[in-house]
Amino acid sequence: MEDLYARLRILEAELDDNGYGDVAGQLRDAVLTGATGTEILMQVRWVLQTDRVREAQPQPLKARLESVWTEIDALLPRFPVRSKELLEQWLADFLETEGVRTASAFKVAEQDGSLGRDTGLVTMIPINTPIEVYMEPAGLDRSDWKVTLTARDEDLRIDGWQLARFAAEMRIASELCIYLQYRSIRWDRMSGMG
């Protein structure tokens, strides 16, 4: 991987020299802002598959760009990867930027799918209710998200005010599920998986 990063730095300089400073900046940003190696490579691959890069000149530069893209594409998994760190960032973004007012607790679970792949599981625990809400992709290679309400052994009896609070928290769960789906679709497209 270190050799690939060295090649990317050389490509950045060559892009700058040939009038593609904007692309060089996008590559630098991809390397600096990614949380994991996989996220960095997905962002770099996304930059390298843009029309501006595909039309790059001179031909030797274009060939090197295609070579690096092919190498990165071979390294990356053929399914969308949404790491725990990435989902934690999306959750923080939702709670912060959407102006969500909630007393529920949220957690991105340590969950491991087959072959060590992150599967993505977000838990919401509405306050003062004996229920948990789980949100996760409908499948390993899916960008649509589903909600699971935990099963109960006995009936839940509550008054009207408790029901109103619970309904408000379920509205937030719905919005979060839709938000995670939206971010997944964007992430999958950016990473070349969607």
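Modeller: A residue is called buried under 20% relative accessible area, exposed over 50%, and partly exposed in between (1.4 Å probe, protein chains only). The model is predicted, so local features need pLDDT of at least 70 and side-chain atom pairs count only at pLDDT 80 or more, while totals for chains, interfaces and linings use all residues. Residues are numbered from 1 along each chain as its sequence is written, and side-chain values use heavy atoms, with hydrogens and water left out.

Searching the whole structure gives eight salt bridges, each a side-chain nitrogen of Lys or Arg within 4 Å of a carboxyl oxygen of Asp or Glu. Side chains of opposite charge can pair when their charged atoms come close.

One of the bridges joins Glu12 to Arg28, with 3.6 Å between the closest N and O atoms. Glu12 belongs to helix H1 (residues 2-17) and Arg28 to helix H2, so this bridge ties together parts 16 residues apart in sequence. Helices here are DSSP runs (H or I, at least four residues), numbered from the N terminus. Glu12 is buried because its relative accessible area is 9%, whereas Arg28, at 32%, is partly exposed.

The helix that carries Arg28 has a further packing partner: H2 (residues 21-33) packs against helix H3 (residues 37-48) at about 165 degrees, the axes being 8 Å apart. Axes are lines fitted to C-alpha atoms over the stretch in contact, with angles from 0 to 180 degrees between N-to-C directions. H2 and H3 are therefore roughly antiparallel, a label for angles over 145 degrees.

Another bridge, between Asp93 and Arg183, has an N to O distance of 3.0 Å. Asp93 is in helix H6 (residues 84-97) and Arg183 in helix H7, so placed that the pair links distant parts of the chain, 90 residues apart. Asp93 and Arg183 are both buried.

The closest N and O atoms of Glu175 and Arg171 are 2.7 Å apart. Glu175 is partly exposed because its relative accessible area is 34%, and Arg171 is partly exposed at 46%.

Returning to Glu12 and Arg28, salt bridges with shared partners join these two residues and Asp16 into one network.

Key. Helices (H or I, at least four residues) and strands (E, at least two) are DSSP runs, numbered from the N terminus. Angles under 35 degrees count as roughly parallel, over 145 as roughly antiparallel, 65 to 115 as roughly perpendicular and the rest as oblique.
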